[in-house]
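Have the viewer open and follow along.

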Amino acid sequence: MNERRATVFAPATPPGRSALGVLRISGPAAAPAAEQLAGRVPEPRRATVAELRDPASGALLDRALLLFFPAPSSSTGEDVLEIQHHGGAAVARSLVEALGAMPELRPAEPGEFSRRAFLAGKLDLTAAEGLADLIDATSAAQARAALRQMDGALGALYVDWRERLLRALALLEAEIDFAAEEEVPDRLWAFVEPDLAALAADLRRHLDDGRRGERLRRGIAIAVIGAPNVGKSSLVNAIARRDVAIVTPFAGTTRDVIEVALDLDSLPVTLLDTAGLRDSDDPIELQGIARAKARAASADLRLLVVDDPADLPEAEGNDPTTLRVLNKLDLCRRHDLLPGVIGVSATTGEGLDGLLAAVAAVARDLLPGTDEVLLTRARHRTALHDAQNALERALALGVAGDLGLLAEEVRLAGRALGRITGAFGVEDILDRVFSEFCIGK
Ligand SMILES: Nc1nc2c(ncn2[C@@H]2O[C@H](COP(=O)(O)OP(=O)(O)OP(=O)(O)O)[C@@H](O)[C@H]2O)c(=O)[nH]1
Ligand SMILES: [Mg+2]
């Protein structure tokens, strides 16, 4: 049997105790599976209650809701049977076992439903990636961006650019076919060059986004740094509202970098608690300090914490990505506070709201606006760079350039853009894209 036509099944909901669970079956044997489990195939797209029985023993497995979507009007383009069964590990397991016993069915691989949808032309690769991001989204801003990408906003942009390239390529190829010269004729260049130059500028602007889209996807990294014992871990716990990091009265408590993912004012944020910076003989602490320095350098934002105003370094230049924080405000006299320094107490919670507001304000600047079309993945960035380089080479060839070479560069640029949406040469990247998905998606 053709592997792609195999019928696959997978739970679409996580295992464990719940009111309901969903199982999906996609492929030509979806209808026969319904027949074997429920004794009949439900009417298309109509919720149908049915008793599900083990085909081998006849034992009642569940009374469930069945939905049947015949090809091609289904999420995968194939026949799809959706079983909404009662939640609970035993019911789910018995249904999976009954399906697994059917020789024409096999369990789906991670992302296989989405992969089939892509192969059936139901969504392009950027939309599939948006779907994966939506499943992974932990903050409202991430979910919004993922939904926009899933709806095709990003794909449409790349398709439009690729079509502009293909139009130029068609003109160049017509010239190659019908003219004897090998140079680019003036009138053709005058026609094609402005378009290629405008596209190169669009690409440059899109790439030059300060990686804000990618940052939105993975969250803003905020490193909490400072000398030992100033209360960095206490501050992280206070912001996270739970005890993620160990706090002790002893300097040198934190060794490893501890990460906490937070939704801060609907922005995705990862707080990093780090080892206190000091001279030490302890090789373990020294390693922790080295890690702290590395993470602080690569973080998007730094909270530099002190517990004595005298320890505050002069603000270096005007680095908006390092906020200076005075902790243990409950022990300080208020007039000790310097301008531009945020006073907090991890113990009493005083000043935390102000600190979070300041963090959110900086974080918002590091993230894209709500309706920007975002470059969200390194995969896209690589392909866009390839397209841009090919375009720049094409433009550099200029009017005296070789017609065949020029056409080849434009072709390369178009292929690079096609790789992003999956319109071109994707077999090799499909595995990579869809392996990021969870099973059942
Ligand atoms: N009074 C007061 N004590 C605090 C406050 N924040 C932290 N502490 C105390 O300061 C001590 C050190 O706190 P930690 O959070 O472990 O300090 P740290 O900066 O993470 O220390 P290292 O991990 O060793 O670098 C603990 O005894 C805390 O209870 C505060 O706002 N007020
Ligand atoms: Mg600590």
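This is a predicted model: local features need pLDDT of at least 70, side-chain atom pairs count only at pLDDT 80 or more; totals for chains, interfaces and linings use all residues.

- The shell around ligand 1 has 23 residues, and Gly231, Ser233, Ser234, Thr254 and Gly276 come nearest.
- Two of those names, Ser233 and Thr254, turn up again as contacts of Ile246, together with Thr253, once neighbours within four places in sequence are left aside.
- Ile246 itself sits in the loop between α9 (232-240) and β8 (258-264).
- Is Ile246 buried or exposed? Ile246 counts as exposed because it has 12 C-beta neighbours inside 10 Å, and the cut-off for exposed is 12 or fewer.
- From Ile246 to Ser233 is 13 residues along the sequence and 6.8 Å in space, going C-alpha to C-alpha.

**Domains**

- The chain splits into domain 1 (3-108), domain 2 (127-209 + 375-435) and domain 3 (216-366).
- Note that domain 2 is written as two segments, 127-209 and 375-435.
- Between the C-alpha centres of domain 1 and domain 2 there's a distance of 41 Å.

- The largest nonpolar core takes in 106 residues.
- Which residues have the most contacts inside it? Those are Ala33, Leu81, Ile222, Val224, Ala387 and Leu417.
- Helix α13 (residues 403-421) gives this core its largest share, eight residues.
- If you click on Ala387, look for Leu203, Ala413, Ala416 and Leu417, which it touches when residues up to four places away in sequence aren't counted.
- As for geometry, α13 runs for 19 residues and spans 28 Å from first C-alpha to last, close to the 27 Å expected at 1.5 Å a residue.

**Helix α4**

- α4 (residues 125-136) is twelve residues long and reaches 17 Å from its first C-alpha to its last, close to the 16 Å expected at 1.5 Å a residue.
- How many of its twelve residues are buried? Nine are, so α4 is mostly covered.
- The buried ones are Leu125, Thr126, Ala127, Ala128, Glu129, Gly130, Leu131, Ala132 and Asp133.

- As background, most residues other than glycine have a negative phi, and most peptide bonds are trans.
- The Ala71 to Pro72 peptide bond is cis, with omega near 0°, and Pro72 is placed in the loop between β4 (60-69) and β5 (80-86).
- Arg45 isn't a glycine but has a positive phi, near 55°.
- You'll find Arg45 in the loop between α1 (30-38) and β3 (48-53), and it counts as exposed because 11 other C-beta atoms lie within 10 Å.
- Ser266 is another non-glycine residue with a positive phi, near 70°.
- Ser266 lies in the loop between β8 and β9 (267-273), where it counts as exposed because it has 12 C-beta neighbours inside 10 Å.

**Two partly exposed valines**

- Val41 lies in the loop between α1 and β3.
- Why is Val41 partly exposed? Val41 has 18 C-beta neighbours inside 10 Å, and partly exposed means falling between the 12 or fewer of exposed and the 20 or more of buried.
- Leaving out residues up to four places away in sequence, Val41 touches Ala31, Ala34, Glu35 and Phe68.
- Thr382 is 341 residues from Val41 along the chain, with their C-alpha atoms 47 Å apart.
- Val341 belongs to strand β12 (residues 341-343) and counts as partly exposed because it has 16 C-beta neighbours inside 10 Å.
- With residues up to four places away in sequence not counted, Val341 touches Leu312, Arg324 and Leu326.
- Val341 and Ala396 are 55 residues apart along the chain, and 51 Å separates their C-alpha atoms.

How values were computed. Residues are numbered from 1 along each chain as its sequence is written. Chains are lettered from A and ligands numbered from 1 in the order in which they are written. A nonpolar core is a set of buried Ala, Val, Leu, Ile, Met, Phe, Trp, Tyr and Cys residues joined through C-beta atoms within 7 Å. Helices (H or I, at least four residues) and strands (E, at least two) are DSSP runs, numbered from the N terminus. Two residues are in contact if their C-beta atoms, placed from the backbone, lie within 7 Å. A residue is near a molecule or strand if its C-beta atom, placed from the backbone, lies within 6 Å of it. Domain bounds come from an automatic or database domain assignment. The expected span of a helix is 1.5 Å times one less than its number of residues.
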